[in-house]
Amino acid sequence: MSLDRQSSPVFNVTRHPLGDPSFQSRCKGLLDQHGVLVLDDFLTAATVAAIRTEGQQNQHLAYYTTSDHNVYLAPADPDYDLQHPRNRLVSSSKGCITTDQIASDSALRQLYKSEVFKAFLCSVLGEQALYEYADPLSSINLHYAAETQELGWHYDNSSFAITLLIQKPQGGGEFEYVRDVRDASTGDMAHVATGKILDGRVPVSRLQIEEGSLVLFRGQNSMHRVTPTQGDVTRMLVVLAYNNRPGISLSESARMTFYGRLG
Ligand SMILES: O=C(O)CCC(=O)C(=O)O
Ligand SMILES: [Fe+2]
C-alpha cells in the first residue's frame with residue numbers, strides 16, 4: 001500500500017498499518033491512556049533524508065524570532081499583575097518555515113493531505129473529520145532550533161498536535177510536559193497549577209523521540225515545552241496541524257508570535 005497516488009511509501013507501512021482497525025484501536029488506547037502516542041520509525045529513512053535536505057535548503061527562508069509570550073499565547077490580561085501565571089512571560093527562540101514555503105511536491109504535503117493518514121488520525125483522535133487551517137501559514141510548519149534555542153512553556157491553541165522529528169540535536173531539545181492541567185472546554189485556566197509548573201515545583205514527563213518518529217500529542221490542556229538545543233546540530237521538527245472544523249485560522253497573536261506575519 002502506498003500513500004494515496006504516489007509510488008514509493010512515505011511511511012513504514014508494514015510496521016504501521018494505518019488502515020488496520022486493530023492497529024488504530026491499539027493506537028487510540030495508547031493515546032487515551034497517556035495523552036501522547038509515539039510511533040517510532042514512522043517515516044522511512046528515505047523520507048527523513050528528503051525532508052532534512054528540503055529543510056536545509058529552505059532554512060534561509062525561516063523566520064527567526066526570540067519572543068516573550070505567556071503560556072496561554074494570548075495578550076496580557078490587565079486584571080492580573082505581570083508576575084501572575086496568567087501573564088508571566090517565557091521565552092521562545094526558533095526559526096520556522098510555514099505551509100506556503102513547503103514545496104508542492106514535498107513528502108510533507110503528501111502526508112498532510114493523505115486520506116489514509118487523515119482517516120488514521122480521525123480514528124485515533126476520535127474526530128469526525130480533519131481540516132487544514134484557513135490561514136496560509138499554520139497547517140505545515142518546519143521548526144529549526146539551533147544551539148540555545150528553545151520553546152517556552154505553553155498550551156496549544158489546537159486540541160492536538162502532530163509532529164515528526166527530522167533531525168535530533170546532540171543534546172537538549174527534549175519535549176517536556178505535564179498532562180491535563182487546564183480545561184479549555186470549560187474555561188478553567190488553572191492559574192495555580194500553571195504557576196507551580198512555571199516555578200519548577202511539579203515533576204514533568206519527558207518524551208523519548210527519535211528521527212522519523214511520529215508524535216500525537218494533546219497539547220491544548222497539557223502544558224509543554226522544548227528545552228534548549230545543545231551542540232551545533234540544529235533540531236528540525238515538523239508540526240502538522242489540523243482542525244475539527246473548517247475555516248479556522250490560528251489566532252493573530254499566535255501567528256505574530258511564531259511567524260512574525262499574518263499571511
Ligand atoms: O517542538 C516540539 O517538539 C513541540 C512543538 C510545539 O509544542 C508547538 O509547536 O506547539
Ligand atoms: Fe505546543
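## Cover over helix H4

The buried residues of helix H4 are covered by elements that include helix H1 (21-34), strand S1 (36-39), helix H3 (107-113), strand S6 (161-167) and strand S9 (214-217). Helices (H or I, at least four residues) and strands (E, at least two) are DSSP runs, numbered from the N terminus; contact requires C-beta atoms, placed from the backbone, within 7 Å. The model is predicted: local features need pLDDT of at least 70, side-chain atom pairs count only at pLDDT 80 or more, and totals for chains, interfaces and linings use all residues. Residues are numbered from 1 along each chain as its sequence is written, while chains are lettered from A and ligands numbered from 1 in the order in which they are written.

## The buried side of H4

Helix H4 spans residues 115-125, and Phe 117, Phe 120, Leu 121, Val 124 and Leu 125 are buried in it (20 or more other C-beta atoms within 10 Å of the residue's own). These residues lie on the same side of H4 because they cover an arc of only 115° around the axis, taken from the directions from the helix axis to the C-beta atoms. Gly 126 follows H4 and has a positive phi, near 70°.

## Strand S7 and its partners

Strand S7 (residues 175-178) runs antiparallel to strand S10, joined by four bridges; pairing requires at least two bridges found by DSSP. Tyr 177 stands opposite His 224 in S10.

S7 also pairs with strand S8 (residues 205-206) in the antiparallel sense, over two bridges. Here Glu 176 has Arg 206 as its bridge partner.

Definitions and conventions:
A residue is buried if 20 or more other C-beta atoms lie within 10 Å of its own, exposed if 12 or fewer, and partly exposed in between; C-beta atoms are placed from the backbone. Two residues are in contact if their C-beta atoms, placed from the backbone, lie within 7 Å.
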